[in-house]
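Thank you all for coming; I would like to take a few minutes to walk through one model with you. Please have the sequence and the 3D view open while I talk.

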Amino acid sequence: MSIVANKETRVVIQGGPAGVNAARRMAEFCHLTRQPLHVLAFVFPPDAGKTAEVPFGSELVSIPIFKTMAEATAAFPALNTTLIFVGPDRAFKAAMEALADPKIKLVSMITEGVPEKDSKRLSLEAKKLGKVFNGPSAIGIISAGECRLGVIGGAFDNLILSKLHRPGSFGVITKSGGLSNEIIWICSQFADGITTAIGIGGDAYPGSDYVTYLEMFEKDPQTKAVIIVGEMGGDLEERAAEWFGAAKRRIKLIAVVSGYCQEQLPKGMKFGHAGAKEGQHGEGSARSKADALKKSGAIVPATFGGLGPTIKQVYEEIVAKGLVKPAVDGDAAALPKLPKPVEEAVKSGDVFVEPLIKSTISDDRGDEPLYYGYPASDLINKGYQIPHVMGLLWDKRLITPVEAEIVKRIIMLSADHGPCVSGALTTIIAACAGIQMAQSVAAGLIMIGPRFGGAVTDAGKWFKYAIEKKLSPEDFLEHMKKNVGPVPGIGHRVKSVKNPDKRVKELISFVKSTGIPTPHLDFALSVEKITTAKKDTLILNVDGTIAAVLVDLGWPVESLNGFFILARTIGLIGHWVDQTRNGSRLIRMFNYVVNYASPKRREAPPLEAKGTRVEVREEVLK
Amino acid sequence: MAKVLEGPGMGLLSKWGMTVPHYVVITAADQLDRLAQANPWLRESKLVVKAHEAIGSRMKLGLVKVGLDLEAARKSAAEMLGRDLNGMTISQVIISEMIQHKEEFYLAVKSVREGAELLLASVGGIEVESNWDKIKRIAIPLGTDPSRDQLTKLAKEAGFKGDLAGKVADFALKLYQCYDQEDGTYIEINPLVTREADGELVALDAVTMVDADARFRHPDWNFTFASEFGRPYTNDERAIMEIDSRIKGSVKFIEIPGGDTALLPAGGGASVYYSDAVLALGGKIANYAEYSGDPPDWAVEALTEKVCSLKGIKRIIVGGAIANFTNVKKTFAGIINGFRKAKAEGKLEGVEIWVRRGGPFEKEGLAAMKALEAEGFNIHVYDRYTPLTDIIDYAIKGVEK
């Protein structure tokens, strides 16, 4: 048994992220106690129509968000309780809306900083309607084994440690949210735990006070004793004392009050809770409250530290009287566990996850990326350059300074080739159509293929084949003619022996000047000698030259097109920025540069059920 | 509740139609020259000069001067402004006209659970203190206004005769409107007087408390709230208040000079039990502090630095109950950073640190605290199995379990 919140409690939460967070905590409790999820709906106008996701056991439940309370209770007639998390400027309106709904019987407000006047009016309205208004600034309500409203009870482990999965014999009422958990913990250590614990909030005029709940606890046979944790200020403790002393009560009352320090501190000093302030004339002091409680027959330990032993003594008494049987706790290990997120489970070694991909070049898990094991900042600080990074990520090796210089030159000479080539033209057309940079540059890159810039890999592949098979240039050309077709890397649309490509000449002479062995380049040049003798334009082009040089340097064949793609990206970005800065307008082709070879204008025949398509085709062919 | 200083307090009364003395608030004495040109009353009336600060016993400290002419008022203001009182500087002075009057009355309205209570007496000033039984009162239920008849009847019961009873009733109604519409929590006019010149009721002095939480619906509240414990806030207190006003959760800090035990506990409830426990064992607290509601770690770090800067402390109590949702690991990370900074600045020489806490990520948080031992901190760390305030016993009595 319990009060206020039980297994039939169904909850709507008024609020945004803080409310969703509370719903997650509440779902943990439902999971622990093997109950269906108690939170059914949210009311939060900014997100109305969407859903909020709440992990429940190993599932993720989508909870609908409504604009109004009426919509929520119409969709879920089982709703009877609301928790309010909206800001203090909207809390009053939200609570009035909830109180006005006939389905809602309990309104608990977590919101802090609500004006006193608003609290007082809400409390009056609730009283008129015979409903319970709890809060504001209230941490929540928890009935052990039955229902959790809000984040009260803390983390999942704490729920189990504090025996909140099954009822005990003690009721708890506190103003302080943090202390509510502490008392629940003490009850589980020194006695058999709690029935229900309620945070009423530390404001000056809480909607429900100790007496509201003492009356309910008195009627709950499971609750044998109630602990109230009071503090200076206001008269709620005095009212509790008055209620307790007014008649013979079934429950025992244990109380502590804080604020003795007030006697030695500057007058008017303000403490953590809004309500914790002594009156102008000394009323509401800790001492006068403790005295009133003692007088009423409550047990009042001198300090907070005395609570544990007092609770223990009371528990032993009620056990001795046969009012409760000592709690026998089963195996805690048999309780449902909170599924761990995969990441945590991997970390603790509880699960093995077969990796989906393997990466052998870089690692981003530390404070900075590692390129094949070397921290990026370390490489930068030691003077390494972009070609070295390419070496690490493309071929997993630190290349020599000479090689880096060659790679750098390859990139520089391939960076751009004017606006007319198919890659740049495509990027320009896209830029002029108002397409963003990434898409426009990607469109240009798509053009890279067998006819434009994409012959480096193939050229490298075949030069390498020739060297491996120890073919003579003649045998190589014969092999290519028979089995492959035109030799990749040989031939140019405009350049020729008489009109040589200066980029190629420069690259070859630099590579030669370094003195590195160049068997592939030498082979390619001897092939060129034969092809140019046949036709002037069959020169070793820039793709072929780059390919031969890179294979000589030992780069893997798979990476070779990357040099052109990387280099030309520089140019394509330039073209996109250029067109965008110019504010260029949409490009449309001119019809005079199109050869319109389609049929002349004619009338479409009537649509017939059969044969139409064939007839038309035949007619076209005529 | 929040206290409004005299100037803005009078402004609120005036806004709701109550007559108050003419007044000006100045920050430099020479401002009076221009003001006197614009306001004839400054030249024509006898004047009162008061320090416009939240300082108790202003009369005793010579911070109230009465019956002055403009020149004398200027002199008094110049003497008060910039005066240093234990590290707090007087930065504002209020100058108001003296109202010639014979009788003094008392009128107040205060917030109670059921609505409000209106108090009225036909004696006022310091007289009222010794004539508490002469105060007549009526309860005003929530959501209702008192009627003029009701208030006139109250005035008659309180001893007001003839026309005056009706006048007092009208004034009381205005005060109630002001209280109700301005989210007042306590407004006390003492004394309320009848001006000799025209018989008009004037609120000569008032204590004005409003609900700080209602600020969001009062865009015209252009004043800051005053401290309520007889001295202005210190710079460190203001710095923490400023942080508190813009974070999720809260951080609070008030200095109490002369203490040996600094408090850095979590939670508005637990913090008071820690204060009680220190004082119960004969310790003296050097401050009040509290953080709660899962505040960001940098805010807790800032609070920690202020706590570590307190003069003459022997120990710091990092106490706390078992948190509901405050992340112990993160908030402790803020405290640890604060401790490290303070230590680097040589502030924690000979200071013991006592820790007790529970809540989400308590193991990680407590382990991180414990690890400070290796860095040379004199730190003692306890978990949930040690009762809340036992660390105070250990720290002050010097006995550990």
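This is a predicted model: local features need pLDDT of at least 70, side-chain atom pairs count only at pLDDT 80 or more; totals for chains, interfaces and linings use all residues.

**A sheet, its helices and some aromatic pairs**

Let me begin with helix α9 of chain B (residues 268-280), which lies across β12 and β13 of chain A and runs at about 75° to β13(A). Residues are numbered from 1 along each chain as its sequence is written, chains are lettered from A and ligands numbered from 1 in the order in which they are written, and side-chain values use heavy atoms, with hydrogens and water left out.

Helices (H or I, at least four residues) and strands (E, at least two) are DSSP runs, numbered from the N terminus, and two strands pair if DSSP finds at least two bridges between them. The sheet in question is open, with six strands of chain A in the order β9-β8-β11-β10-β12-β13 and mixed pairing. Its edge strands, each pairing on one side only, are β9 (147-150) and β13 (252-258). Strand β12 of chain A (residues 225-231) pairs with β13(A) in the parallel sense over seven bridges, and A:Ile227 stands opposite A:Ile254 in β13(A). Chain A has its own helix α9 (residues 286-295), which packs on the sheet, touching β12 and β13 of chain A (contact means heavy atoms within 4.5 Å), and its direction makes about 170° with that of β13(A). For these angles, axes are lines fitted to C-alpha atoms, for helices over the stretch in contact, and the values run from 0 to 180 degrees between N-to-C directions.

Turning to the aromatic residues, the structure holds 22 aromatic pairs over all chains. Rings of Phe, Tyr and Trp (its six-membered ring) pair if their centres lie within 6.5 Å, and planes under 30 degrees apart count as stacked, over 60 as edge-to-face and the rest as tilted. The pair of A:Trp394 and A:Phe563 is edge-to-face because the ring centres are 5.0 Å apart and the planes stand at 80°. This pair links distant parts of chain A, with A:Trp394 in helix α13 (residues 386-395) and A:Phe563 in helix α22 (residues 560-582), 169 residues apart.

How exposed is A:Trp394? A:Trp394 is partly exposed, at a relative accessible area of 29%, whereas A:Phe563 counts as buried at 1%; buried means under 20%, exposed over 50%, and partly exposed in between (1.4 Å probe, protein chains only).
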